[in-house]
Amino acid sequence: MTEGAAWHFDNSLVRELGGFFAPHQAAPAKAPRLVVFNDPLAAALNLPGRAAGEEALAGWLSGRDPVPGSEPVALAYAGHQFGQFNPQLGDGRALLLGEVIAPGGARFDLQFKGSGTTPYSRGGDGKCTLSAALREYLMSEAMAALGVPTTRSLAVVATGEGVWREEPHHGAVLTRVAASHLRIGTFEWAAAHHGLDAVQRLTGYALQRHYPALAGAANPALALLEAVADAQARLSAKWMARGFVHGVMNTDNVTISGETIDYGPCAFLDAYSAGQVFSSIDRQGRYAFGQQPAVTRWNLYRLAGALIAAIAAVDEADTEQARLLLESWGARYELYWLAEMRAKLGLFTDQADDLTLAHDLLTALEGQQADFTLLFRALGRSLEQGYGAIADELTDREALATWFQRWQARLADEPQEGADRAALMQAANPVYVPRNHLTDAALAAAEAGDMAPFMALLDAVSRPFDQRAGLDQFERGAAAGAAPFVTYCGT
Ligand code: AMP
Ligand code: MG
């Protein structure tokens, strides 16, 4: 353990937000065993690390032994699930342990996922399978390394107990680290059940915690709406730039902090298609890759709905501000997206046609079966190797020929050296993402007791932009003719 590393909790939510949670204890795991532990994250948060002993960590991070200073609670929230309002969701298989303060002063929630039933379990078993816990660990750590705001994963502990999901699985508890677990659904819950006063209290708490510079705003609820709209615009642009499909963008899975949360049926694109869906339950394609910005905006309207009485209570005229802010959200999103795409395309300067250039690339890629990740790396190589580097990624080798010439002409307008451009593109276009076939294989091996493939994949995606010798297998796309990949929610 490093000097001073300990469980230093400071549980502001429990102190300040009475009524929004139910105190509850984790189900004690019978035979906990540490499966993965995030040493660098523990060190960054000044939490006990491996030096505390794997047995001690397994006891704490499975619910068997109370974590000193924690005050476990299940949070209440509501949410629009696939468009339908459900007034009563909540932590049905999760438990907030409390908050810790990182050395720089930032505050983080520690939360268990899979630690047994709570008052909000609604008939569910409160459990999590080992492979679902490992999947979230891998995906969230990959996203963090890709520079996408996200919750993190501190540990996965196998409970030694079985979990039933049509067949028996190993059970596990994931320990999640988040800026907070406040969601759009938390505001919807407050508005639906407790009205203006509760929404105002929650708004004050959320501003203080995530946007302290706005805590003294004339209209706090309006300030919060704008801050969340901005954070979510930035987040959505990052997802689109990295080829990430969240899969279940219900309002209970949209954070106030702007972090990605809830890695259930998510996946990274293989072949690019705006209509790509992986989740088995998303039959209408509501949460398809290309729909994500529009869905984020739809979700922000739900937040506005929960906040509108609080906005009007300060000044009725401010509701018009809220309306304008959401109406113009697309332009805000587009600015963030364009900044991402400029880096992906190696552009140092801004020109008026850049948005069209970026859009036209994606349009031309539709139907080409081009691997999203490999294609952008190929663009980087084409700086030296020419169009042939790209043609190899396409079904119709000529599909990007016209676009390529426009891009070349655009690049010629810039004074930067080729080497600088290559470096810009390499830093924006990852080599290693948790590819679906690799993730599946790693999780299957882990279920069978072999963690080696998981650890190797985790290592690759933890430095995603840094091409390394011996990691070719993590770079390649799925074999041609592989069955379409499907993900399952909450498994
Ligand atoms: P999710 O799809 O993970 O966002 O979960 C949606 C809601 O269902 C949340 O309120 C969860 O707590 C709850 N839930 C999901 N799986 C379970 C489970 N196995 N037991 C109890 N509640 C669950
Ligand atoms: Mg959820």
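**Around ligand 1**

Okay, let's start with Asp-125: one of its polar side-chain atoms sits 2.9 Å from a nitrogen atom of ligand 1, a polar contact here being a pair of N or O atoms within 3.5 Å. Before I go on, this is a predicted model, where local features need pLDDT of at least 70, side-chain atom pairs count only at pLDDT 80 or more, and totals for chains, interfaces and linings use all residues. Residues are numbered from 1 along each chain as written, chains are lettered from A and ligands numbered from 1 in written order, and side-chain values use heavy atoms, leaving out hydrogens and water.

Arg-122 also has a polar side-chain atom 2.9 Å from ligand 1, in this case from an oxygen atom. For Asn-253, a side-chain N or O atom is 3.1 Å from an oxygen of the ligand. The protein covers 84% of the 490 Å² of accessible area that ligand 1 has on its own (Shrake-Rupley, 1.4 Å probe).

Definitions and conventions: Polar contact = N/O pair within 3.5 Å; in protein donor to acceptor, adjacent residues only side chain to side chain.
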